[in-house]
Amino acid sequence: MKKIDLATLKFHRLVVLFALLGLLEAGQSSPISIAVTGTVRLVDDRNNILSRAVQPGDTIAGIYTYDSATADSNPIPEVADYWHTTAPYGISVTVGGLTFRTDPNNVSFLFEIVNDYAPGIPPTDNYLLRSYNNEFAVAAPGGPFGFPDNHISWQLDDSTAAALSSTALPTVPPVLSDWQSNFGLDISSMGDMGEMFLIRSDVTSAVLIEVDSDGDGVPDNEDQCPDTPAGAVVDAHGCSIDQLVPCAGPRSGGVWENHGQYVSAVADAAQAFQAASLITQKQRDAIVTTAAQADCGRK
């Protein structure tokens, strides 16, 4: 079998990395996902559309995802509207074995932040999610004139205006004890002929979901080496040996003084991985042998 030079592999990895960076610069996407759980407060289903599948006291669970880089489109200084129109942004909620979610093919998802807004006295703070185009496991009959109006929303209110300090898009879940759940998490469906249902719930837990973009088992907020190749063994900081000891030169900068310096650095990294039980002695020896056969650091 023909041996592949590590420098060549490194070059291809850099090409992929530069392509990914280009995509990030174009989209500047920064997804944040928050998991919520709560308890159903009331069910208004006078037409029995839900067939009693959801009852007060049931547990409700969901996830909402938004882009922290989204721009505010509201001209009012105290109100910020962050609109999302593409997947994976939106909300998905499950209760009573039924799932209600943002339509991934037709996203219309609003995250609104209100800080010290005072159309009346005193000023208030509000935290509001609304999903306008949705896929419901069960919905009101659309009738002959079109589809039902399926809506998902979650609103938190603070009449003391102390919960928020700005209209900036939050990067962490709301502290629920700072808010009142006057309206709560609502799932509603309205048909053309007046058939409808409303599920209203109080959210009791909101937790940030740690994102692991490169799938190496280390969340992004702790990952010191993003874009680790799939399947690579990494340390507690999310770094593979190739990332800790690049063929082009030391990670701190510059180039290898000679081939021996490169091989020594690989040997040290491999020894650390073995000591941490990330690789076996046999794997360590193979890694060092491969490094010795590479052209990295050769003049």
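**Entry 1: the overall count**

I started with the whole chain. The model is predicted, so I keep that in mind for everything below. I count four helices and eleven strands in the secondary structure. Of the 299 residues in the chain, 41% are buried. I then looked at contacts with a separation of 6 or more, and 63% of these are between residues 24 or more positions apart.

The eleven strands form an open sheet in the order 3-6-7-9-10-11-1-2-4-5-8, and the pairing is antiparallel. Which strands sit at the edges? They are strand 3 (79–84) and strand 8 (134–136), each of which pairs on one side only. Ignoring direction, neighbouring strands are turned by 20 degrees against each other on average.

**Entry 2: strand 2 and its two partners**

I picked strand 2 (residues 59–67) to follow in detail. Strand 1 (residues 31–44) runs antiparallel to strand 2, and nine bridges join the two. On the other pairing I checked, strand 2 meets strand 4 (residues 90–95) over six bridges, again in the antiparallel sense.

**Entry 3: strands 9, 10 and 11**

I moved along the sheet to strand 10 (residues 180–190). Strand 9 (residues 149–158) pairs with strand 10 over eight bridges in the antiparallel sense. Asp149 has Met190 of strand 10 as its bridge partner.

Strand 10 also pairs with strand 11 (residues 196–209), antiparallel and over six bridges. Here the partner of Ser189 is Phe197 in strand 11. These two strands form a hairpin with five residues between them. I looked at the turn as well: Gly194 there has a positive phi of about 90 degrees.

**Entry 4: Ser240**

Is Ser240 buried or exposed? Its relative accessibility is 6%, so Ser240 counts as buried. Leaving out residues up to four places away in sequence, I find Ser240 touching Thr228, Ala232, Val233, Val234 and Phe273.

**Entry 5: helix 3 against helix 4**

How do helix 3 (residues 259–275) and helix 4 pack? Their axes are 9 Å apart, at an angle of about 165 degrees. The two helices are therefore roughly antiparallel to each other, since angles over 145 degrees count that way. The crossing of helix 3 past helix 4 is right-handed.

I listed who makes the contact. From helix 3 the residues include His259, Tyr262, Val266 and Gln274, and from helix 4 they include Gln281, Arg284, Ile287 and Ala292. By type, the residues of this contact divide into nine nonpolar, four polar and one charged.

**Entry 6: Asp295**

Last stop was the segment after helix 4 (281–293), where I found Asp295. Asp295 counts as partly exposed because its relative accessibility is 45%. I also checked Asp295 against Tyr262, 33 residues apart along the chain: their C-alpha atoms are separated by 9.6 Å.

Methods. Residues numbered from 1 in each chain as written. Predicted model: local features only at pLDDT ≥ 70, side-chain atom pairs only at ≥ 80, totals over all residues. Heavy atoms only, no water. Pairing = 2+ DSSP bridges. Buried < 20%, exposed > 50% of the residue type's maximum accessible area, 1.4 Å probe, protein only. Axes fitted to C-alpha atoms, helices over the stretch in contact; angles between N-to-C directions. Parallel < 35°, antiparallel > 145°, perpendicular 65-115°, else oblique. Left-handed = near helix turned anticlockwise from the far one by under 90°. Contact = heavy atoms within 4.5 Å. Nonpolar A, V, L, I, M, F, W, Y, C, P; charged D, E, K, R; others polar.
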